[in-house]
Amino acid sequence: MCSIFGIIIKQKTETTPIESTLTALKMLEYRGYDSAGIASKGDKALQIWKTQNKDNKAEGVDMLRKQMTEMGVISFPTQIVIGHTRWATHGEISQKNAHPHSSQDGNFAIVHNGIIENYIELKEFLRSKGYYSVSDTDTEVLVNLIEYRWNETGRISFEVAVRQAVSEIEGAFAIAVITSSEDKMIVASRSGGLFVGITAYGFVIASDQSALVAHTKDCFEVESDCLVVLTPEKYEKRTIVSNQEVVPDIKKIELEISQIQKNGYEYFMQKEIFEQPKTLTDALRGRVRPFEGIIKLRGIEEHLRRIVQAKKITIIGCGTSWHAGLVGEYLFEQFTRIPVEVEYASEFVHRNPILGEKDIVIAISQSGETADTLEALALAKKSRATVIGLCNVVSSKIARMAGVGVYLHVGPEISVASTKAFTGQVAVLTAIALLVGRQKGTITESDYMRHITELAELPSVVEKYLPYFDIVAKEIAYEQLHSDHALYLGRGYNFPVALEGALKLKEISYIHAEGYPAAEMKHGPIALIDEKMPVIVIAPQGDETYKKIIGNIQEIRARSGRVIAIATEGDTEIVSLVEKVIYIPRASEHLIPIIAVVPLQLIAYHNAVMKGLNPDKPRHLAKSVTV
Ligand code: M6R
């Protein structure tokens with residue numbers, strides 16, 4: 001949700017600070033793309049340039065670059081720049097609401113990620129002091145408050161003014177502020193999620209480490225309730241409230257530039273779908289060892305006994321992570337016989353859940369910073385349940401708060417639509433369930449051996465089928481999906497896959513799609529079936545639901561519905577019942593979700609591209625939902 005980048009330098013750099021900021025903002029744009037803007041300190045005054053994303057094509061940063069190039073300001077002489085891309089919370093998507101915001105008298109400029117909960121009271125207060133807002137944002141209130149406190153304290157210290165103002169605001173935030181009167185940048189946070197990179201030529205700041213890699217691999221986080229004062233030569237980190245010095249924990253960024261580039265693919269989503277054989281390998285590497293007959297998950301090793309003895313497992317997550325959690329429910333119940341509940345994190349926090357010491361809570365989150373999941377996790381921690389995090393982003397908030405967990409290791413996921421994270425999540429959940437099942441004795445040794453061998457082979461299975469999936473998915477996207485609606489049906493393990501396929505289509509192709517357990521169709525959704533309605537049915541052979549699914553397909557046909565089936569290779573019977581078949585290899589039923597979801601990801605991807613939509617940056621969305 002919103003991205004921040006900033007740079008403060010002591011010596012000339014190869015690329016100008018504004019150029020570097022534009023490049024970084026382009027990389028961070030996936031976090032929010034309603035508008036983009038830059039502020040920089042000139043000799044005497046602050047300069048601000050901004051633009052809104054007008055046509056939902058997410059070209060905000062490109063437009064800003066174009067504008068600034070035409071104005072000849074890319075090489076504007078400056079040592080200090082802050083930039084922002086916005087995901088709107090307070091105020092419509094418009095130029096006036098775009099960041100950076102300037103204070104009333106132009107002494108300060110700010111970029112902000114988060115929500116200032118008491119901004120209405122503060123706005124009233126400032127109005128009584130003669131400060132009026134130009135925008136509808138909460139952010140402008142904060143920058144005016146900084147200016148007001150600066151004036152009130154005799155204009156002595158930028159730092160004192162920022163410290164005082166941020167102490168007065170309620171809510172979570174990450175900000176970067178610059179002033180026309182000093183060669184300084186101040187960054188502060190009450191939520192974490194802001195990083196300072198240390199370079200030979202000065203400092204860079206960003207809300208995502210990926211934007212620092214082009215400059216440096218050494219960075220530290222501005223943790224919650226901390227403030228960092230940066231000059232071109234040095235940094236000083238202190239606590240906001242008590243003003244105590246804090247020694248930064250400088251870490252190496254474990255990311256390569258190639259991981260955050262498209263590497264020849266047209267879109268990140270396409271790259272991330274095609275990366276899945278590798279990301280599945282990475283998620284399982286060293287963990288699932290069929291030759292030794294073991295599964296080793298260091299992150300939860302010490303807690304294995306508690307998991308084996310658990311009374312109940314509660315899985316929490318949002319969106320795609322919640323869907324992975326639903327697959328987890330089937331996995332744990334099949335292999336461990338431990339009862340499982342899967343909860344939307346956003347609902348969990350308002351339900352006064354019954355949890356105790358003997359419970360396990362698994363929080364699933366690709367980004368590790370989804371606000372709802374974080375809040376749910378905090379609640380679970382209070383209940384003294386054992387909390388396990390399943391995150392992709394290393395050292396993310398959820399991973400740190402959980403303390404115990406397993407990283408997905410699928411590499412940075414940039415596209416807003418989650419793909420490789422889902423398959424990574426399900427692969428890791430499968431490994432955990434098999435490990436716990438073996439310890440608990442709820443799975444036979446021969447089944448365990450068979451399953452870990454099959455799990456370890458899964459990446460090459462996906463690799464083999466990907467080119468074929470891509471061709472058929474493209475045909476389906478072009479030939480079958482001309483409706484405004486679509487239904488996705490699956491049973492058992494494949495019900496969550498139906499939900500995930502529908503979510504992908506909704507979020508990037510803007511087709512209204514619903515996922516249903518196939519048998520539920522006759523309890524309502526069947527009324528929607530007509531000759532225009534495409535129904536995508538996941539119908540693999542190999543379990544007792546196959547015959548029932550065929551029955552469901554017949555019911556759709558009887559009502560002139562158009563069925564596209566995902567079926568097992570060699571199933572020739574199904575061909576005569578449906579309009580199109582995508583074949584998947586025969587596999588154990590618990591592994592089908594990882595295989596069957598891939599063509600569904602590709603169908604959504606091709607449909608979006610066919611419509612001229614940018615699948616990486618669908619309208620109204622942002623990659624991490626941190627508010
Ligand atoms: O980072 P998280 O896994 O916590 O994110 C959860 C959801 O916001 C996310 O999965 C969202 O639904 C995706 N856009 C789905 O593709």
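Tutor: Domain bounds come from an automatic or database domain assignment. This is a predicted model, where local features need pLDDT of at least 70 and side-chain atom pairs count only at pLDDT 80 or more, while totals for chains, interfaces and linings use all residues. Residues are numbered from 1 along each chain as its sequence is written, and side-chain values use heavy atoms, with hydrogens and water left out.

Student: What makes the lining of the largest pocket draw on domain 1 and domain 2?

Tutor: A pocket is an open set of points on a 1 Å grid over the protein atoms alone, where a 1.4 Å probe fits, with protein on both sides within 12 Å along at least five of seven lines; lining residues have an atom within 4 Å of a point. Here at least three lining residues come from each of domain 1 (3–260) and domain 2 (268–610).

Student: Which residues lie nearest the centre of this pocket?

Tutor: Of 45 lining residues, they are Gln 209, Leu 255, Asn 392, Val 393 and Val 394. The pocket holds about 1100 Å³ of space.

Student: How many residues surround the ligand?

Tutor: There are 14, with Ser 321, Ser 365, Ser 367, Thr 370 and Glu 507 the closest; the test is a heavy atom within 4 Å.

Methods. Grid points are joined across faces, edges and corners, and a volume is the space filled by probe spheres set on the points.
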